[in-house]
Amino acid sequence: MKILQALILGSVLLCQFAVAQTQVNSKAAWPRQIPARVRDSNNKDLLVMTLGDVHPSIADGTFDPAKDEVRLKDGSTVKNYYRDTLKIKYFQPIDKTKFALPPSGWCSWYFYYQEINEDEVKRNADWIAANLKDYGAVYVQLDDGWQGTGHGLGENRDWTTIDKRFPSGMDRLARHIKSLGLKPGIWLAPHGQSNDAIVKSNHGVFMLKPDGTSASSTWEGKYLVDPSTPESQQYLKDLFSTLSGWGYEYFKIDGQPIVVREYRNKKASMKNPSDDTDGLYRDTLESIRAAIGPDRYLLGCWVVPLEGVGLMNGSRIGADVLPNWDGFKFALRATMEYYFLHNVAWYADPDVLVVRSPLPLEQARAWATLQGLTGQAVLTSDRLMDLSAERVELLRRVYPAVDIVPMDLFKSDRNKRIWDLKINHLGRSYDVVGVFNFDEARTRPIYVNWKDLGLPGDKPVHVYDFWNREYLGAWDRGLTVDLSPASSRVLTLLPQENRPQLISTSRHLTQGWVDLISQNYNPATNSYRGRSKVVRDDPYELRFVFPRGSNFAIKSAVARSATGILPVKISNHQGWATVEFSSLRTTEVTWNVSFAPGELYRFPVKEPQNLWAECAGLDGANLRWQMPHQPAVGYQVTLNGQLLGATTTQVFALKDLDPNTVYTAEVRTAWQDGTISEKKAELKFTLKQLLPAEVLVSELDPVRLTPGWRQTEFNRNFNGGGLSIGGRHFEKGIGMPTNSEIEFELNGTYDSFKAQVGIDDEHNNQDSIVEFVVLGDGKELWNSGELKKADGAKAVKVDVKNVRKLMLRVKRAGEGGRVHADWVDAKLVR
């Protein structure tokens, strides 16, 4: 027994060391000034974040959280930036004294929902302790289902009764989780209550009508806490004192926007009504905080309770995800809309990371990339024991959440596809770039321009593919990445120097931040020496790249831990090399790697064949060609004599083309040493020649749309169902929620816009009224008038000749929720 206890204690200490070491990597005091962008650049597809002491040239200026002030490069300042410009009424810098990093762990809800029990929580906790704790997973959060009868919504908000599926009690469950070196968390909707007896015995606590019935019965609960009385504040303190006494250290409080709304709308039912209902709501949070103290984590939930800023450690910023691609898109949309709050005002939580089958592995990888690149709270919600090794691998590469800060301090009004994480650590300055294809149906080539990222234009940039574990070469100016539907790639970008360089490590998506303790290159001996934190039984790989045009090989490598020399595996490739070692326990490893000149094989590459161009939207084209029977590492592309960059496949994406300009594209084959084919494939074209006589609007990329967790969908209604009006199904079109808009760049390329509009058959309120509007360059061109579901589909034909920006808008007349507003068979015609 003593041996077992010693092993558990040792594991706990190692886990604590892992977290402490990650925290040491963020040495600068908080709040500190951070680089900031306050608007999009010319590349509106770009999202930027930072890790470490980074000074990007593409920043608009700096933000001082303590002053809530932006200082722009031109010397001007924007005061009260978060409070007034971003409308965050209660803004104050996040307090990181107790929680230096966002939480990492597991949540029960998105696999078990309310079918959870004590044994399943223990099984998952035991599995985390054995398989994920050393990677930084800390929290085990029990969600809905532990209380009352275990099932139901507002009628099951009895926090004084424990469901029979937890026979040992909530306190013993918490003790079990803690015995594993983990931290227990618990869900509740604390402002609600469903037990009539509790309400009757707690006078002055709940909002009641004069006849004693509930004044507010919602999802939050059959009854709602009255925030205006001292009795209610004491009730909340007692409730959270009990939960804290059980041993819980993480509290997810749900339904908070419902609470805020009910307080605003039903203040007359309060004992001591006030016009400052938001202030009364914050009083309830103060009471909760007083009970749990500063050392326990408070997470707001659901969607985004902005009224809790300054009192909550973190908050959900979107709706509940689903275990499919729609669920990923909910997390994506939440990130686009509210990421600017993360690690500045609180820790943002876009909801859980789901990686289990039947979600395709590529989609699970994209989801992990979203979490790992943004540094938001990362809690998975699968039955962990059932995951395959390749899906567990995804989790291990994004635990723990690290100290990433957004550089884009504004809401994004489009779903951006290029995410640039700029890292400075131990003298290594590099970019980890996520490139996404959100389209479930089409393969997409996406061009990453080094200049847009602020990378130097006078030297090649090394490119390493993290998930696929391969070096893609060193390229000038930029790279086109070809992505399969609903997928992502993670590319590490490192400007070339005239020596071997450490470009990547295998431990974490940030590739060095979590694991590298020291690293140093010695030019006299052409060698690296470093120290890394290695997780037990996890093969740890160092990836080195060499200057283009020369080659090296690893001559020797040594890895040593406190217990002695570790076995080392060396793999030499042309242009790059790796060293791999592993340890039987989580520990620090010192390593030495030395290099010697290596042979460089050259192949006399020949030019590509049969170059052609195809339309890609209204301002772009994809160049394609055939590959001759020969090896090639890539292709170099120029347009009108200007080098754009390269691609490792037979497609290159061109953007921002003028429809009438004559372009000359040239493509040459490239080899690893930088040589290119003497001859070239050449094509002259105009974009206008490529544009079809008509194009479906659902095939175009919008330049702007209304943000939100439910937003415009292509070839589906906004709720994800098929498009259907008046009993007729339509394959193509745009489904929009009311009170939203979407904008496309036409640049005068088409003469008319045609469509049919109407309320989708899925919407079940016959009295809902919707108005459809078409705008061109800000002027209203067409208005449907008020339409009901019974009106069926109404035809639209609008002259858009010479229109540069086309906007589609849908508005709901009167009160109520979203209405399914469809634009079917929407097309542009020349």
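User: What makes a stretch of residues count as a helix here?

Analyst: A helix is a DSSP run of H or I with at least four residues, and helices are numbered from the N terminus. In this predicted model, Trp127 has its place in helix α4.

User: How do you know that the span of α4 agrees with what a helix should give?

Analyst: Helix α4 covers residues 118-131, which is 14 residues. At 1.5 Å a residue they should span 20 Å, and the end C-alpha atoms are 20 Å apart, so the two agree.

User: Why is Trp127 called buried?

Analyst: Buried means under 20% relative accessible area. Trp127 has 16%, so Trp127 is buried. Other buried residues of α4 include Val121, Ile128 and Ala129.

User: Which residues does Trp127 touch, beyond its neighbours within four places in sequence?

Analyst: Trp127 is in contact with Leu132, Leu384, Met385 and Val392. As for the helix, the buried residues of α4 pack against several elements, among them β6 (104-107), α5 (170-179) and α12 (389-396).

User: What makes the pair Asn117 and Asp119 a polar contact at the start of α4?

Analyst: The cut-off for a pair of N or O atoms is 3.5 Å. A side-chain oxygen of Asn117 comes within 3.0 Å of the backbone nitrogen of Asp119.

Note on methods
Residues are numbered from 1 along each chain as its sequence is written. This is a predicted model: local features need pLDDT of at least 70, side-chain atom pairs count only at pLDDT 80 or more; totals for chains, interfaces and linings use all residues. Side-chain values use heavy atoms; hydrogens and water are left out. Helices (H or I, at least four residues) and strands (E, at least two) are DSSP runs, numbered from the N terminus. The expected span of a helix is 1.5 Å times one less than its number of residues. Buried means under 20% relative accessible area, exposed over 50%, partly exposed in between (1.4 Å probe, protein chains only). Contact means heavy atoms within 4.5 Å. A polar contact is a pair of N or O atoms within 3.5 Å; within protein, one must be able to donate a hydrogen and the other to accept it, and residues adjacent in sequence count only if both atoms are side-chain atoms.
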